[in-house]
Amino acid sequence: MRSSRISKDTTKLFDRVSVTRTDLPRRTTRSLSRFAYATAPSTLDRNGSQTPDMEDSVGPPAKRRRRLSAASPVKAEHLNESILPVPPPPATKRRARKPARKTTDPMTGEDKTCPPSDWGEMYNAVKKMRSPGGVAHGAAVDTMGCERLADRSASPRDQRFHTLVALMLSSQTKDTVNAAAMLRLQTELPPHKPGAPGGLNLDNVLAVEAPLLNQLIWAVGFHNNKTKYIKQTAVMLRDNWKGDIPDTIEGLTSLPGVGPKMAYLCLSAAWDRTEGIGVDVHVHRITNLWGWNRTKNPEETRHALESWLPRDTWREINWLLVGFGQTVCLPVGRKCGDCDLGSSGLCKAAERKKVLAGGSRVKREVVQEEEDGVVVKREEMAAVKVIKMEEADGESSSR
């Protein structure tokens with residue numbers, strides 16, 4: 001009797017526990033749900049019919065509703081367009097920039113140097129900026145460079161001597177200061193004898209006292225050493241070169257105070273012969289800044305550039321980059337916002353904030369100046385510059 005009563009109580013308990021799927025709480029842990037909804041052996045009630053266990057009485061949880069997306073087969077006209085996700089912009093292919101590198105020709109076995117990527121585009125962009133109307137036009141070197149300081153009314157021999165002296169004075173000296181010193185020498189240097197013309201020539205330099213010469217060039221850097229070098233050079237030109245300047249690199253570099261840069265520039269300007277690149281601090285700094293080469297001094301830069309740069313650019317590259325360094329790519333406070341290399345993403349060293357500020361400034365100026373349809377077109381061009389700069393910035397950070 002007692003066991004029969006227990007069986008009845010157990011049956012009532014099972015009947016109460018049996019519930020529908022919707023009566024259960026929806027949240028269950030994944031591990032418990034796998035256990036609860038697994039197939040389990042059933043039991044028989046008093047009538048011999050199958051009665052499921054407690055775990056079997058609960059069905060599997062309802063599947064989560066799939067969120068609608070742009071790839072969903074549901075037609076777009078049935079959805080609210082405002083809630084559709086915005087597709088990401090297409091990825092832009094960034095150009096890999098590499099410096100000049102040495103390679104070996106597999107056919108001949110000869111070593112050659114491959115130029116840096118995009119160098120031609122960069123070179124042409126700088127030429128455009130240095131041309132009349134460009135942002136880098138009108139630099140000091142354009143009117144007061146050493147090759148322009150010779151007195152055109154003097155004899156060809158004296159003009160060559162003027163070019164050599166101007167180059168010797170130019171070291172560690174601004175072009176404006178150098179031009180003023182040259183003008184004083186050409187107008188105030190006394191004649192070597194009564195009745196002879198005054199001004200800058202070999203005979204007058206040989207005859208002038210060193211203190212007076214030093215006083216005439218006192219504004220240039222290291223004027224004491226340069227006074228000594230000019231006096232010694234005048235003696236060597238008289239004794240070894242028949243009163244004219246040497247017409248070879250070896251002869252020019254044998255003069256005191258004349259290095260490779262001065263020699264190549266002097267040979268090009270005075271004798272119209274270009275046998276190498278005159279690399280000064282501007283050329284050395286800017287080409288390393290661009291990643292064209294990785295050199296430690298101007299002489300290494302000269303060898304690196306001459307290994308791949310076309311020979312027809314050797315003469316103008318000094319004038320090109322010196323003027324660019326004097327106006328835009330300054331040693332301190334570079335004007336990246338005015339530079340076409342930065343806005344087009346060609347310069348890896350461009351300062352992003354300056355480029356973006358420069359693009360905004362150009363856009364505002366155009367709006368203030370013009371009111372017709374050209375304004376919109378120029379505004380779009382300014383926006384493209386900003387986008388290109390952002391791409392270049394992302395590329396440099398990825399490297």
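This is a predicted model: local features need pLDDT of at least 70, side-chain atom pairs count only at pLDDT 80 or more; totals for chains, interfaces and linings use all residues.
## Confidence

The average pLDDT of the protein is 78, and 64% of the residues reach at least 70.

## Overall make-up

The protein contains 17 helices and four strands. It has 399 residues, of which 35% count as buried. Among contacts with a separation of 6 or more, 53% join residues 24 or more positions apart. The exposed surface comes to about 25100 Å², with 54% of it supplied by carbon and sulfur atoms.

In soluble globular proteins, nonpolar side chains tend to be buried together. Here the largest nonpolar core has 36 residues, and L164, V165, L169, M182, L185 and L200 are those with the most contacts inside it. At least two residues of this core come from each of helix 5 (156-170), helix 6 (175-188), helix 7 (202-207), helix 8 (210-216), helix 9 (223-240), helix 10 (249-253) and helix 11. Helix 5 gives the most, with seven residues.

For a close-up, take L185: leaving aside residues up to four places away in sequence, L185 touches V165, L169, G199, L200, L213, L216 and I217. There is also a second, separate core of 31 residues, which includes W292, W314, C339 and L341.

## Cysteines

How many disulfides does the model have? The count is zero. C339 is in no disulfide, and its nearest cysteine sulfur, that of C347, lies 6.3 Å away.

## Helix 14 and its surroundings

Helix 14 covers residues 316-327, twelve in number, and spans 17 Å from its first C-alpha to its last, close to the 16 Å expected at 1.5 Å a residue. The helix is mostly covered, with nine of its twelve residues buried. The buried ones are I317, N318, L320, L321, V322, G323, F324, G325 and T327. What do these buried residues pack against? Their partners are helix 3 (119-130), helix 4 (140-144), helix 11 (260-271), helix 12 (281-290) and helix 15 (340-343).

R315 sits in the loop between helix 13 (298-306) and helix 14. With a relative accessible area of 43%, R315 is partly exposed, because that value falls between the 20% limit for buried and the 50% limit for exposed. Not counting residues up to four places away in sequence, R315 touches S268, A269, D272 and T274. The C-alpha atom of R315 is 7.9 Å from that of G278, although the two residues are 37 apart along the chain.

Technical notes: Residues are numbered from 1 along each chain as its sequence is written. Side-chain values use heavy atoms; hydrogens and water are left out. pLDDT is the predictor's confidence in each residue, from 0 to 100. The expected span of a helix is 1.5 Å times one less than its number of residues. Buried means under 20% relative accessible area, exposed over 50%, partly exposed in between (1.4 Å probe, protein chains only). Contact means heavy atoms within 4.5 Å. Accessible areas come from the Shrake-Rupley method with a 1.4 Å probe; for residues, only the protein chains shown count as cover. A nonpolar core is a set of buried Ala, Val, Leu, Ile, Met, Phe, Trp, Tyr and Cys residues joined through side-chain atoms within 4.5 Å. A disulfide is a pair of cysteine sulfur atoms within 2.5 Å.
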